[in-house]
Amino acid sequence: MTRTRIVRWLRVLLPLVALAILSTMFLFSRQPDGDASIPYAEVDAEQMAREPRIVAPEYAGVTDDGAEVTLRALDATPATDERDAALQQVALEWVRPDGLSAHLTAPDAGVGQDLIALSGGVDISLSSGWTLSAPEVEAATDRSHLGASNGVVATGPFGRITSDDMELQPKAAPSDAAEDENPAVLSFSGSVRLLYQP
């Protein structure tokens with residue numbers, strides 16, 4: 001058999017083999033799985049219409065005295081005439097011009113006029129090495145101020161402090177002083193107890 005005849009036979013046979021393979025693919029293909037359809041979020045449309053929510057909101061701003069405030073949450077309910085905005089699974093970053101920073105986390109928060117009120121058990125980590133926990137903490141958005149008034153437990157480089165109240169804010173300074181010359185001070189008041197651990 002000459003080479004030319006082989007090429008002619010292959011021109012006929014190869015397309016036929018390709019058609020046979022394609023037809024078997026379509027004949028023996030599986031039925032589509034109804035459970036493998038595109039997943040949709042399971043939400044209650046009526047509840048979403050009654051209570052609109054914002055997913056993964058983020059707020060960033062700078063206070064009058066230069067502190068940077070960044071607020072993130074899992075979701076938020078916008079404010080209405082009857083109530084302030086409410087957030088869930090909140091993380092707040094607070095950075096002062098003098099370099100001091102605080103990281104706060106809480107299950108819940110309310111946002112009002114010039115104030116973020118974290119609640120449900122607030123954990124605070126300061127860049128100075130302090131860690132604090134309190135039931136509620138208020139963070140001002142118009143000035144550098146963090147405060148707790150329902151009991152605080154703080155762990156620092158030299159021991160453990162429990163107190164009724166806590167404030168983190170700049171100390172009083174002359175009006176002509178630069179922001180970085182007016183460092184923030186962590187102060188405890190009320191019934192204060194120190195357990196010194198050298």
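Mentor: A word on terms first: strands (E, at least two residues) and helices (H or I, at least four) are DSSP runs, numbered from the N terminus. This is a predicted model, in which local features need pLDDT of at least 70 and side-chain atom pairs count only at pLDDT 80 or more, while totals for chains, interfaces and linings use all residues. Residues are numbered from 1 along each chain as its sequence is written, and side-chain values use heavy atoms, with hydrogens and water left out.

Trainee: Let's go to the strands. In which sense do S4 and S5 pair?

Mentor: S4 and S5 pair in the antiparallel sense over 10 bridges, and two strands are said to pair if DSSP finds at least two bridges between them. They form a hairpin with 5 residues between them, and glycine 99 in the turn has a positive phi of about 100°.

Trainee: Which residue in S5 is the bridge partner of glutamine 88?

Mentor: The partner of glutamine 88 is aspartate 108, and aspartate 108 also stands opposite serine 119 in S6. S5 and S6 pair in the antiparallel sense as well, over 9 bridges.

Trainee: What sits in the turn between S5 and S6?

Mentor: That hairpin has 2 residues between its strands, with aspartate 114 in the turn. Aspartate 114 lies in the loop between strand S5 (101-112) and strand S6 (115-126), and its phi is positive, about 60°, although it is not a glycine. Aspartate 114 is partly exposed, because its relative accessible area is 36%. Glutamine 89, in strand S4 (residues 85-95), is another residue other than glycine with a positive phi, near 50°.

Trainee: Changing topic, how many salt bridges are there?

Mentor: A search of the whole structure finds 5 salt bridges, each being a side-chain nitrogen of Lys or Arg within 4 Å of a carboxyl oxygen of Asp or Glu. Side chains of opposite charge can pair when their charged atoms come close.

Trainee: Which residue does arginine 72 pair with?

Mentor: Arginine 72 forms a salt bridge with glutamate 58, and the closest N and O atoms are 3.6 Å apart. This pair links distant parts of the chain, since arginine 72 is in strand S3 and glutamate 58 is in strand S2 (residues 58-62), 14 residues apart. Arginine 72 is partly exposed at 40% relative accessible area, whereas glutamate 58 is exposed at 54%.

Trainee: And is arginine 96 buried or exposed?

Mentor: Arginine 96 counts as buried because its relative accessibility is 3%. Its side chain meets that of aspartate 98 in a salt bridge (3.8 Å, N to O), and aspartate 98 is partly exposed at 27%. Asp65, Arg96 and Asp98 are linked in a network of salt bridges.

Trainee: What about threonine 77, where does it lie?

Mentor: Threonine 77 lies in strand S3 (residues 68-77), and it is buried because its relative accessible area is 9%. A polar contact of 3.2 Å joins its side chain to that of arginine 53; such a contact is a pair of N or O atoms within 3.5 Å, where within protein one must be able to donate a hydrogen and the other to accept it, and residues adjacent in sequence count only if both atoms are side-chain atoms.

Trainee: Which residues does threonine 77 touch?

Mentor: Leaving aside residues up to four places away in sequence, threonine 77 touches Pro52, Arg53, Arg83, Ala85 and Ala86, with contact meaning heavy atoms within 4.5 Å.

Trainee: Last one: which residues form the nonpolar patch on the surface?

Mentor: Trp9, Val12, Leu13, Leu16 and Leu19 form that patch, with about 520 Å² of accessible area together. Patches are made of residues with over 30% relative accessible area and no salt bridge, with like charges joined within 9 Å and nonpolar side chains (Val, Leu, Ile, Met, Phe, Trp, Tyr) within 5 Å. Valine 12 lies in helix H1 (residues 3-27) and is partly exposed, with a relative accessible area of 46%.

Notes
Buried < 20%, exposed > 50% of the residue type's maximum accessible area, 1.4 Å probe, protein only. Areas by Shrake-Rupley, 256 points an atom, 1.4 Å probe, with all protein chains shown as cover.
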